[in-house]
Amino acid sequence: MSDADLLSTISADSGTPVHDPATGELIAHAPAGDVATLEEAISAARAAQPAWAALGDDKRCELLNAAADAIERHAEELAVLLSREQGKPLNGPNARFEVGGCVGWLRTTAALPLEPEVIVDDGEKHAVLEYRPIGVVGAIGPWNWPMMIAVWQFAPALRMGNTVVMKPSENTPLSVLALAHVVNSVLPDDVFRIVTGDGEVGAALSAHPDIDKIMFTGSTPTGKAIMRSAADNLVRLTLELGGNDAGIVLPDADPAAIAEGLFWGAFINTGQTCAALKRLYVHEDIYDAVVENLVAVARQMPMGVGLDENNVLGPLQNRAQYDIVAGLVEAARESGARIVLGGDPEADQPGNFYPTTIVADIDPDNELVTTEQFGPALPIVRYSDVDDAIRMANDSPVGLGGSVWSSDPEGARDVARRIQAGTVWINNHGAIDPRVPFGGIKESGYGIEFGVQGLKGLGVPQVIMN
Ligand code: NAD
């Protein structure tokens, strides 16, 4: 199948127009889903669930691996479409990387060991814990890593014997429709259904009485709305919400050695990543050297249209996000912070390009530090006492990820334990692995994805005791 064939298969003649965020050009129309199409998809997924569960774990894993093979066969078409719709370049840790991640996640999810757990076996009593399918899982996703996050939601759900109705972000419906089209070429009918639409369709999905669990990845305010609408049905929830991850650079770190890791920690996917490094605290002894080395790395990273093989950074996916980033940087500038790189977007451009921006000597209470910018603008705060840095890092309503940068990993671990976040990385930021549990604390949500623990979140525990 060519790029054009895949696109024409999944798009609609009329429907919602989807534009390329780099050029403003129309890519295609996405079918316009609504509450009526949602009803049909949920009842089809409900009807398909018993047979899917009855296939057994081995067969389901075989089909997940077949889905990974199918994605591999169409990897380039999928990457091109993802690049055009989301904006991320083909190269760098971007579109091809994301499609490769989908394959890796599917295969690893299919290989995770999930055995019955014998809890008590003392000669008198025997208790074993097993996991049963929950039923129909509703999945709602964001626009930043649309294909990869779709896989994070549907792969473990399907593995555990559930069927899935997914609503992709209205900003990136084509990527998820294309991925699902490829995956569904090997899955039984109605096991994995997509319904496009906006927040209204998402709200109807999360309030639907025939949905047994919601997997949601998106912003904290939407997570709270979902929690409210899911309450009447006591629907189970996994909420992967926003973050404002802090990184702490200790005085013994080597500024040149960590510069590239800091750069990608903050600017991967042009900053539009849930667990990106969003505020950096650097000890005064090495502050200037860290800023200088980071700026030097940033200058070497070309930003532009995603289909140009040279680029490793792209536009913001949508104008609303561009406006948020631009507003935060302007306010930081007006507050007296020093813009050491970027901060000067081209006016009247057709795309949503905001340049890589590094803001130094910024007040720790500035809004660019205290809110999630979700774009390519990193504030760097100076500190003199590590206890202060930890206090500032923890002074946030969210707690998704964090990082500590040091030449002494043991000392860094001690600092890591004091950071309030679901994951703390040492000398990198944001590296994830399908075998390793991932989830947020505080207002970054709850529930775990990935690994065996992630699988358990997509089953209902059952104890059998005699
Ligand atoms: P968003 O909350 O605006 O939208 C996410 C999805 O929710 C979309 O599909 C949207 O249509 C739907 N939605 C909107 N209103 C709804 C409602 N009332 N009920 C149900 N669904 C509704 O988020 P976004 O702007 O697409 O994504 C950016 C946010 O996602 C950032 O805050 C980012 O940090 C977060 N995010 C978190 C993770 C994670 O793993 N923790 C990963 C990626 C993104």
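So, where does the ligand sit? It sits in the largest pocket. Pocket here means an open set of points on a 1 Å grid over the protein atoms alone, with protein on both sides within 12 Å along at least five of seven lines; a molecule sits in one if more than half of its atoms lie within 2 Å of its grid points.

Quick caveats. This is a predicted model, with pLDDT of at least 70 needed for local features and 80 or more for side-chain atom pairs, while totals for chains, interfaces and linings use all residues. Numbering runs from 1 along each chain as its sequence is written, and side-chain values use heavy atoms, leaving out hydrogens and water.

Okay, the ligand. There are 30 residues around it, and Glu170, Ser219, Thr222, Leu241 and Glu372 come nearest; being near takes a heavy atom within 4 Å. For polar contacts, meaning N or O pairs within 3.5 Å, a ligand oxygen is 2.8 Å from a polar backbone atom of Gly141. On the side-chain end, an N or O atom of Trp143 is 3.0 Å from a ligand oxygen, and for Lys167 the distance is 3.0 Å. Alone, the ligand exposes 850 Å², and the protein buries 87% of that (Shrake-Rupley, 1.4 Å probe).

Asp361 has phi near 50 degrees and is partly exposed, at 32% relative accessible area. Phe450 has phi of about 75 degrees, but counts as buried at 7%. The cut-offs: buried is under 20%, exposed over 50%, partly exposed in between, using a 1.4 Å probe and protein chains only.

Technical notes:
Polar contact = N/O pair within 3.5 Å; in protein donor to acceptor, adjacent residues only side chain to side chain. 1 Å grid on protein atoms, 1.4 Å probe; cavity = no way out; pocket = protein on both sides within 12 Å on 5 of 7 lines; lining within 4 Å.
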